[in-house]
Amino acid sequence: MSTPLSELPIRRLTTDDLTSCADLSEDRGWPREEHKWGLLLTAGTGYGIDDPEGKGLVTACVVTSYGPGLAAVGMMLVAERYARRGVGRRLMQHVVNGVGDIPLTLHATPYGQPLYEQLGFVETGRAEMVRGYLRPPESVPEARVTTRPATAEDLPGIVRLDTEVFGLDRTHMITRLPAFADQLRVAEEDGVLTGYAAAWPNMQTHVVGPLIARDTETAKALVASLGAGTDRPLRTDIDVRHEELIAWVKEHGLETVAFNTVMTYRIPDLPGDWTRRFAPLSVAAG
């Protein structure tokens, strides 16, 4: 007799599960995204349920911890053949119970949002996903804002700036950016870092994130410099409150792909300074 779905064990995932996670993404019509899965399974904690028939994973997700102040839930997926049978809810409830009193955040698709609301997550914002080839702007923002490739000596300053803006220490993620991203650039004025951004490979695109900047002009300069350094289309998820930046990227070739809802659990809003936080490292990791 086969084991009921409600009794299948939930286990920790490791980097040995990367192919199975990518297969699960593909099963649901998502890109395989092995590069992103690799980062998340290394820097975060993956959870999953094995298919009793030996066909990979029934469901999976990854939790990225930022200490006692916050953890981000991402890559919540259920295999199509097991959809609408309660396994996703069970895995999410396991995560919620497992983190204790630590607040949670996630980016919800319209499909997943009702489940998260039933579990007690509340909407605190929205992000607009845009994608396309960035046309070089006629008026180059770099003329007013200086950007350059980051060096090893910049990393402590990047971490300090990120902690100040994000509101929590995510050193374990930021220090992985030089190896994870194809480009890591900083903006500076009088020797002081005023922003930074990375572009990392994701299938046929380069994802811009994190995007941290003193103001919108600095954010534009960083995006423009990253766009100039790749022949791939850019994709990023911009906080909808940054209307000027969204309008600017659309004027220069990017188009809206989707909207995701930013949700939190146990806290009314995300920590940090949203006015300088333009885009997350990834919607899966915050």
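Helix 2, which covers residues 34-43, is largely enclosed by the rest of the structure, because 7 of its 10 residues are buried. These buried residues are K36, W37, G38, L39, L40, L41 and A43. The model is a predicted one.

## Overall fold

The secondary structure of the protein chain consists of 9 helices and 13 strands. The chain has 286 residues, for which a compact globule would have a radius of gyration near 19 Å; the value for the chain is 19 Å, which agrees. Along its principal axes, the C-alpha trace extends over about 70 × 35 × 35 Å. Of the 286 residues, 55% are buried. Among contacts between residues at least 6 apart in sequence, 73% link residues at least 24 apart.

In soluble globular proteins, nonpolar side chains tend to be buried together. The largest nonpolar core in this model comprises 67 residues, and those with the most contacts inside it are M92, L104, L106, Y116, F121, L177 and Y196. Strand 4 supplies the largest share of this core, 7 residues.

## Pockets and cavity

Rolling a probe the size of a water molecule over the atoms shows where empty space is left.

| Space | Volume |
|---|---|
| Largest pocket | about 1,000 Å³ |
| Second largest pocket | about 280 Å³ |
| Largest cavity | about 30 Å³ |

The largest pocket is lined by 46 residues, and W30, M75, M76, L77 and T109 are those nearest its centre. Strand 4, residues 71-78, gives the most to this lining, with 6 residues. By class, the lining of the largest pocket holds 25 nonpolar, 12 polar and 9 charged residues.

The second largest pocket has 21 lining residues, of which H107, D239, V262, L270 and R277 are the closest to its centre. At least two residues of this lining come from each of strand 5 (104-108), strand 6 (122-132), strand 11 (234-239) and strand 13 (277-279). Strand 6 gives the most, with 4 residues. The lining of the second largest pocket divides into 10 nonpolar, 5 polar and 6 charged residues.

The model has 1 cavity of 30 Å³ or more. The residues that line the largest cavity are V208, L211, V223, T236, I238, L245 and V249. Strand 10 (205-213), strand 11 and helix 9 (243-251) each provide at least two of the lining residues. In this lining, 6 residues are nonpolar, 1 is polar and none is charged.

## Backbone details

Most residues other than glycine have a negative phi, and most peptide bonds are trans.

M75 is not a glycine, yet has a positive phi of about 55°. This residue lies in strand 4 and counts as buried, because its relative accessibility is 5%, below the 20% limit. M75 is also one of the residues nearest the centre of the largest pocket.

R84, likewise a residue other than glycine, has a positive phi near 60°. Its place is the loop between strand 4 and helix 3 (87-98). Is R84 buried or exposed? With a relative accessible area of 66%, R84 is exposed.

## A loop glycine

G229 is located in the loop between helix 8 (216-228) and strand 11. At a relative accessible area of 48%, G229 is partly exposed. Its C-alpha atom is separated by 7.8 Å from that of Q183, a residue 46 positions away along the chain.

Conventions: Residues are numbered from 1 along each chain as its sequence is written. This is a predicted model: local features need pLDDT of at least 70, side-chain atom pairs count only at pLDDT 80 or more; totals for chains, interfaces and linings use all residues. Side-chain values use heavy atoms; hydrogens and water are left out. On a 1 Å grid over the protein atoms alone, a cavity is a set of points where a 1.4 Å probe fits but cannot get out, and a pocket is an open set with protein on both sides within 12 Å along at least five of seven lines; lining residues have an atom within 4 Å of a point. Grid points are joined across faces, edges and corners, and a volume is the space filled by probe spheres set on the points. Ala, Val, Leu, Ile, Met, Phe, Trp, Tyr, Cys and Pro count as nonpolar, Asp, Glu, Lys and Arg as charged, and the others, Gly among them, as polar. A nonpolar core is a set of buried Ala, Val, Leu, Ile, Met, Phe, Trp, Tyr and Cys residues joined through side-chain atoms within 4.5 Å. Buried means under 20% relative accessible area, exposed over 50%, partly exposed in between (1.4 Å probe, protein chains only). The radius of gyration is taken over C-alpha atoms; the globule rule is 2.2 Å times the number of residues to the power 0.38. Contact means heavy atoms within 4.5 Å.
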